[in-house]
Amino acid sequence: MYDRQTSHIISTYFAPRGHKRMYQLGMQLVQLYLSPFDKLIGIIGEAGSGKSALIRGMFPGLDLTNDDDGVYVRPLPLLEQDTGFSFFTPHTYHVDIRFENGFTQMSVLADAISEALHKGKRVIVEHFDLVYPLLRAKADLLIGVGEEVVITRPTIFGPKPQEIYDIVYKSLPYRLMSHTAEDLCEFCMPKDELERCGHGDIKHGFIISFPDDRKPDFDIEQLEKQVYDMIDQKLPVTYLDEKHVSIGGSVHPCTGPRIHVSNTGQIKDFHLLYHFIHDRFNKRYLLVGCVGKEYLERLKKLEARIEQEMEQAEG
């Protein structure tokens, strides 16, 4: 494992918006990058980025001390290493530095992490960038979660946790905007089309896919106008449960209910490609949407190219 990664610098993956896809990515990362000898795993990312889902995919069965449902493990196992029979202490600890720092001094948390590592334990540290200055060790594996999942095995030359934080912090808003815009499109879509659609990821945007048995039967420009109207209304978007969000008081199914902007007015430069793309190889039709000025220009160029190809085919 180590020999295969001696030349590895950094890898980047789309950060999926659904829990199931996030779990699957976590499983993939473990198979590709995790070594049995890795003891310190640093996780970096803001609240709502999907860090917990990724950790659950990477380490099935691990008790997270900051459960998403508001259930927090007390006392914190990492701080109770010397109690009870040491033979039965956990092999892997989890700690959310940002949360625990509200109750425990950062230096105490850093010492507890160092003690666990000295005992040969593995420690999964969320918000690793906050405690890193006090640790006398770099992470064996460092993972950042924003619009993309960035994974690296730091050397003495870096990358430093702050560098990874800067990358994922800047990109996360695009992921939140994209996911909310995607849900607004679903919300305005005919019910029969909603029930058969699937999902995919692109940078600064999203893909909604439809099986090849029939082309979607709705007007894309009209759908975009309906979404614009919901954006202009600045409707609140709130978490309901692990399968639903509330959009302006209306319940909508969602597989990543925590990954949204707080109101629709925060979505900037939204646009849909006005043609369905026929993916012949995978036998499906694709509806493509994006957010952000840079990718709005790319989408317009794609639109112009498709229209030119259609004109050439007709001619």
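How many bridges join E9 to strand E10, and in which sense do the two strands run? In this predicted model, four bridges join E9 to E10 (residues 244-247), and the two strands run antiparallel.

## The three-stranded sheet

Strands E9, E10 and E11 form an open sheet in the order E9-E10-E11, with antiparallel pairing. Strand E9 (237-241) and strand E11 (250-253) are the edge strands, each of which pairs on one side only. From one strand to the next, the twist averages 35 degrees.

## Pairing of E9 with E10

A hairpin leads from E9 to E10 through two residues. Thr-238 stands opposite Ser-246 in E10, and Tyr-239 has Val-245 in E10 as its bridge partner.

## Pairing of E10 with E11

E10 and E11 also pair in the antiparallel sense, over four bridges. Ser-246 stands opposite Val-251 in E11.

The hairpin of E10 and E11 has two residues between the strands. In this hairpin, Gly-248 takes a positive phi near 60 degrees.

## Helix H6 on the sheet

Which strands does helix H6 touch where it packs on the sheet? Helix H6 (residues 161-188) touches E9, E10 and E11. The direction of H6 makes about 105 degrees with that of E11.

## Packing of H6 with H8

Two packed helices are described by the angle between their axes and by the distance between those axes. H6 packs with helix H8 (residues 220-232) at an angle of about 120 degrees, and their axes are 9 Å apart. H6 is therefore oblique to H8, because angles of 65 to 115 degrees count as roughly perpendicular and those over 145 as roughly antiparallel. The crossing of H6 and H8 is right-handed.

On the H6 side, the residues of this contact are Leu-184, Cys-185, Phe-187 and Cys-188. They meet Leu-223, Gln-226, Val-227, Met-230 and Ile-231 in H8. By class, the contact of H6 with H8 comprises eight nonpolar residues, one polar residue and no charged residues.

Terms used
Residues numbered from 1 in each chain as written. Predicted model: local features only at pLDDT ≥ 70, side-chain atom pairs only at ≥ 80, totals over all residues. Heavy atoms only, no water. Pairing = 2+ DSSP bridges. Axes fitted to C-alpha atoms, helices over the stretch in contact; angles between N-to-C directions. Contact = heavy atoms within 4.5 Å. Parallel < 35°, antiparallel > 145°, perpendicular 65-115°, else oblique. Left-handed = near helix turned anticlockwise from the far one by under 90°. Nonpolar A, V, L, I, M, F, W, Y, C, P; charged D, E, K, R; others polar.
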